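I opened this structure to look up a few strands, sheets and helices. My entries follow in the order in which I made them.

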Amino acid sequence: MCGIVGLFFKRGAATTTLGPLLAGMLSQMRERGPDSTGFALYGEAAPPGAFKATLRAPDGGYDWAALEAELANAFQVVCPARHYDSHAVFTIGSDPEPVFAWLGQHHPGLDIFGFGECIEVFKDVGLPDDVASRFDLVRRAGTHGLGHTRMATESAVTTEHSHPFSTGPDLCLVHNGSLSNHNRLRQFLRREGIRFQTDNDTEVAAGYLTWRLRQGMSLTGALEAALADLDGFYTFAVGTRDGFAILRDPIACKPAVLAETGDWVAMATEYRAIATLPGAATAEIWEPRPATVYSWHRQ
Amino acid sequence: MIEVDLAQSSVRELNQRLHRIGAGDNEHHWRVVNPNGAHAIAVGLTVPVNVEIRGHVGYYCAGMNAAADVVVDGHAGTGLAENIMSGSVRVRGNAAQSAAASGRGGLVVIEGDASARCGILMKGVAIVVGGAVGHMSAFMGQAGTLVVCGDAGRDLGDSIYEADIFVAGDVASLGADCVEKEVTQTDVEHVAGLLARAKIAADARRFRRYGSARRLYNFHVDRAGEY
């Protein structure tokens, strides 16, 4: 099972309509994935020379203010940190690598769920309405977002194993299905310098795309290469800083529906998630073809 | 005209009302609004009523239909008119995969495109698709007719038994044991009749016919006594 949703506004600045619409879509997918819920938002960009990182503390009651003070000593904290339950978003005036090295040394218990110019990633065990409310999704802005409700089949039900998986700057992936060659591919990608935090198959697909993009491929090119290199069942939805893409495996094992209007593109595992969007009734609606990359970029 | 608003009423309530219609009742015309992608709308109908659904439906709409005429004024999700017995089901938009799967009779019309596995295991249903069909359509088809006005995806008619497939556009590839066959005047008339019933404008003479080469059969009727 599992449910995927994605909503991509084709133009305009980050809007507060994104959060409530994405929350409504996720809510419709609760029966498909009662184990955990996650979402990625592409929000306001960090200032030039800075990046955003979404950190997650495994234990409750984490002292984010103390971490912010420590980070401000070691680096430049550009904007006040925002806390949402177990997650916090920091905007730091530095390259990411030194910050991650510092975090690894001083706060090894923290997870980095996403980083980049715009991306923020939130995920946790629980039903979509509960998780959305935990992270205040209805009040969150963005230009596009992806979400996932998980019914685990392949690896453990934990926050770390929840989707979306983000393995490179501003890239994230949600997946319905399962991959069968992820172990060997993970070994190969590790040698290529891609970092993995779990034994999850989807994280390998995200890492694969990060590797291909790093080689200079376009998002479409990276997904076309994935058709040859990934073995298994999948419907993928992928987000980048200014892009959104969908790919299904060659026999289209897992369901998917796309809808497009002049203003937005939406993807979901079932149409009922799209039905909640304004203009859905008159949108163009179709099932994406197998082994075909669909992608959009912001104008 | 009886109108049911699925924003106010559940699919189960709608279907129970449709199932309670008696042979002599006068409730012949139903309109369903705000379907919002709900699953299993208007399944299991057994009396000759007209049901018009205004909007997009989820999975298994009009499944097991017998005698009723169901129209979806929108897109249909997976498994439209699955196991249809008789009557008709029409979709004005596109249909997701496995439309008319295992249908035994009746007519299914998809005015737009149908996705993969359209007419999978068809057993007598007539299917008319105004656009294209996806891969493995009419897989293991046993009886009935699939008419495709556009293109067909790869592995058309894979492992087909006896159904007839007519395609006006390009066929990406034929599946195991599916071959092109001669089109007779009877075939042209049959397709023309189905297009007329489907109210889809297309020239019946443009269609090519595909069906079983009968090389995968393990059972041969001439040797029935030996089994």
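Entry one: a pair of residues in chain B. I looked up Ile53(B) and found that its bridge partner in β4(B) is Val72(B). Strands here, like helices, are DSSP runs numbered from the N terminus, with at least two residues (E) for a strand and at least four (H or I) for a helix.

Before going on I noted what I am reading. This is a predicted model, in which local features need pLDDT of at least 70 and side-chain atom pairs count only at pLDDT 80 or more, while totals for chains, interfaces and linings use all residues. Residues are numbered from 1 along each chain as its sequence is written, and chains are lettered from A and ligands numbered from 1 in the order in which they are written.

Entry two: the neighbours of β4(B). I found that strand β3 (residues 50-54) of chain B runs parallel to β4(B), joined to it by five bridges. Strand β5 (residues 88-91) of chain B also pairs with β4(B) in the parallel sense, over four bridges. Two strands count as paired if DSSP finds at least two bridges between them.

Which residues of β4(B) lie on its covered face? They are Val70(B) and Val72(B), while Asp69(B), Val71(B) and Asp73(B) are on the uncovered face of this strand, residues 69-73.

I followed β5(B) to strand β6 (residues 107-110) of chain B, a parallel neighbour joined by four bridges. Arg90(B) stands opposite Val109(B) in β6(B).

I read the order in chain B as β1-β2-β3-β4-β5-β6-β7-β8-β9-β11-β10, an open sheet of 11 strands with mixed pairing. β1 (2-5) and β10 (178-181) of chain B stand at the edges with a single partner strand each, so one side of each has no neighbour in the sheet. The twist averages 15° from one strand to the next. Angles run from 0 to 180 degrees between N-to-C directions, with axes fitted to C-alpha atoms, for helices over the stretch in contact.

I then looked for a helix against this sheet. Helix α2 (residues 185-198) of chain B lies across β6, β7 (123-129), β8 (143-148), β9 (164-167) and β11 (208-212) of chain B, at about 70° to β8(B). Contact means C-beta atoms, placed from the backbone, within 7 Å.

I counted eight helices and 16 strands in chain A. Buried residues make up 51% of its 299 residues.

Is Thr54(A) buried or exposed? Thr54(A) is buried, because 24 other C-beta atoms lie within 10 Å; the cut-offs are 20 or more for buried and 12 or fewer for exposed, with partly exposed in between. Leaving aside neighbours within four places in sequence, I listed its contacts, among them His87(A), Val89(A) and Phe113(A).

I found four strands in an open antiparallel sheet, in the order β4-β5-β3-β6 (chain A). Its edge strands, β4 (77-84) and β6 (111-116) of chain A, pair on one side only. Five bridges join β3(A) to β6(A), and Arg56(A) has Asp111(A) as its bridge partner in β6(A). Helix α2 (residues 64-74) of chain A lies across β4 and β5 (87-92) of chain A, at about 165° to β4(A).

Terms used
Contact = placed C-beta atoms within 7 Å.
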